[in-house]
Amino acid sequence: MGSLLPSASSVRRAAPLVLLSLGLTLTLGLGLPTVLRQLALLFGQEAASASAGVVLLYSVLVVLCVVRPPLPRGSLPVSGKQVLITGCDSGFGLELAKHLHTIGFTVFAGCLLKDKNGAGATELENLNSDRLKVLQLDVCSEEQVAQAVEFVTKNLKEPEKGLWGVVNNAGISTFGEVEFTSLDKYKEVTDVNLWGTVRVTKAFLPLVRRAKGRVVNMASMLGRMGSPSRSCYCISKYGVQAFSDCLRQEMYRWGVKVIVVEPGNFIAATGILTREGVEARAEEMWREASERVREDYGKPYFSRRMILMKAFVNSGIKDMSLVINDLTDALSSKLPYTRYFPTDTYWWIRTQIMSHLPAAIADRIYIY
């Protein structure tokens, strides 16, 4: 059995990092309050004002995170760059395909309903462009994903140089409290949002590695915080976050950048949930629930929750440009961010509170 003690080389490598961490901790923990106390005294304030200063400084930093302008990071030439996008039937995928094509990318637009003459696929095909190719792609189908790889490879201008980017955008949403949601529904949502992302990424990664390109995965603000009645969706998007983090670390050695986009509430813009869909889902949940669950929750409670969900489908940002701009930056910036969070101020603040405050406090603010 090998020794459990760390080797001398690993100690030498770790020591500077440990010392740096301790140094930063001591500097921020001891030095910052001292500096703030001195500043308070300099301006004729009591030294106790340092505590208020810490709060003020943190508040300023939070505000800057919300309102700061984007930093210039340079752009890459897009001419000749080729990108696959999944879920181009509607919503973000459809708009991104059109936008990237407009600015000079060659786009492979994967559509679930191409073989059924879906509206999104038809709109893209009607552009009649050599730089926009529409292909049938169900991200849940191993066969269709393999056929998509074959199609893209055959249509790359220089296959030996690979594929610049993959945008895993295909996704579905649903709702329902845990006791009203079947395991089949969990599997259905996760198969598209999570396993579809994994399936497509694995299939196209050799081409992306060859190009030292980009993998851009669509997560969500609900991939970082839970929400009542949204466990199906949250589970799938938390999984996308974990998959993306692991893949990012593995791809450093290949020069491939793995990027996550976490939109806030864009339901009104994308129509991913509709009033008709909410009504149909409500009927399904009540019908399939056990007698015990229906009795314990009661029809009045269930009806109130459905009314709230119907109102929710009309909420959120109606303009998709925040998301489209971030997806474009992820593909074209010389130094893309690891994470993009296109949203409004309310949802940005809520996500920070739910992610960083103790759960007992955060839940009391937003949940009950």
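I will walk through the fold of this protein from the whole chain down to one residue, and then close with a pair of helices.

Please keep in mind that this is a predicted model, in which local features need pLDDT of at least 70, side-chain atom pairs count only at pLDDT 80 or more, and totals for chains, interfaces and linings use all residues. Residues are numbered from 1 along each chain as its sequence is written, and side-chain values use heavy atoms, with hydrogens and water left out.

Let me begin with the overall picture. The protein has 14 helices and seven strands, where helices (H or I, at least four residues) and strands (E, at least two) are DSSP runs numbered from the N terminus. Of its 368 residues, 43% are buried, meaning under 20% relative accessible area, with exposed being over 50% and partly exposed in between, for a 1.4 Å probe and protein chains only. If we take the contacts (heavy atoms within 4.5 Å) between residues at least 6 apart in sequence, 73% of them join residues at least 24 apart.

Now to the sheet. In what order do the seven strands stand in the open sheet? The order is E3-E2-E1-E4-E5-E6-E7, and the pairing is parallel; two strands count as paired if DSSP finds at least two bridges between them. Strand E3 (132–136) and strand E7 (339–340) stand at the edges with a single partner strand each, so one side of each is left without a neighbour in the sheet. Helix H12, residues 321–332, packs on this sheet and touches E1, E4, E5, E6 and E7, and its direction makes about 155° with that of E5, the angle being taken between N-to-C directions on a scale from 0 to 180 degrees, with axes fitted as lines to C-alpha atoms, for helices over the stretch in contact.

On its other pairing, E4 is linked by four bridges to strand E5, residues 214–218, where glycine 165 is partnered by arginine 214 and asparagine 168 stands opposite asparagine 217. E5 in turn pairs with strand E6, residues 257–261, over five bridges, and there arginine 214 has lysine 257 as its partner.

Why can we call E5 largely enclosed by the rest of the structure? Five of its five residues are buried, so the strand is largely enclosed. In a regular strand the side chains alternate between the two faces of the sheet. In E5, Arg214, Val216 and Met218 lie on one side, Val215 and Asn217 on the other, and all are buried.

Leaving aside neighbours within four places in sequence, valine 216 is in contact with residues including Val166, Asn168, Ile259 and Leu327.

Finally, the helix pair. The axes of helix H13 (residues 345–356) and helix H14 (residues 359–366) come within 9 Å and cross at roughly 150°. The residues making this contact include Tyr346, Ile349 and Arg350 of H13, together with Ala362, Asp363 and Tyr366 of H14.
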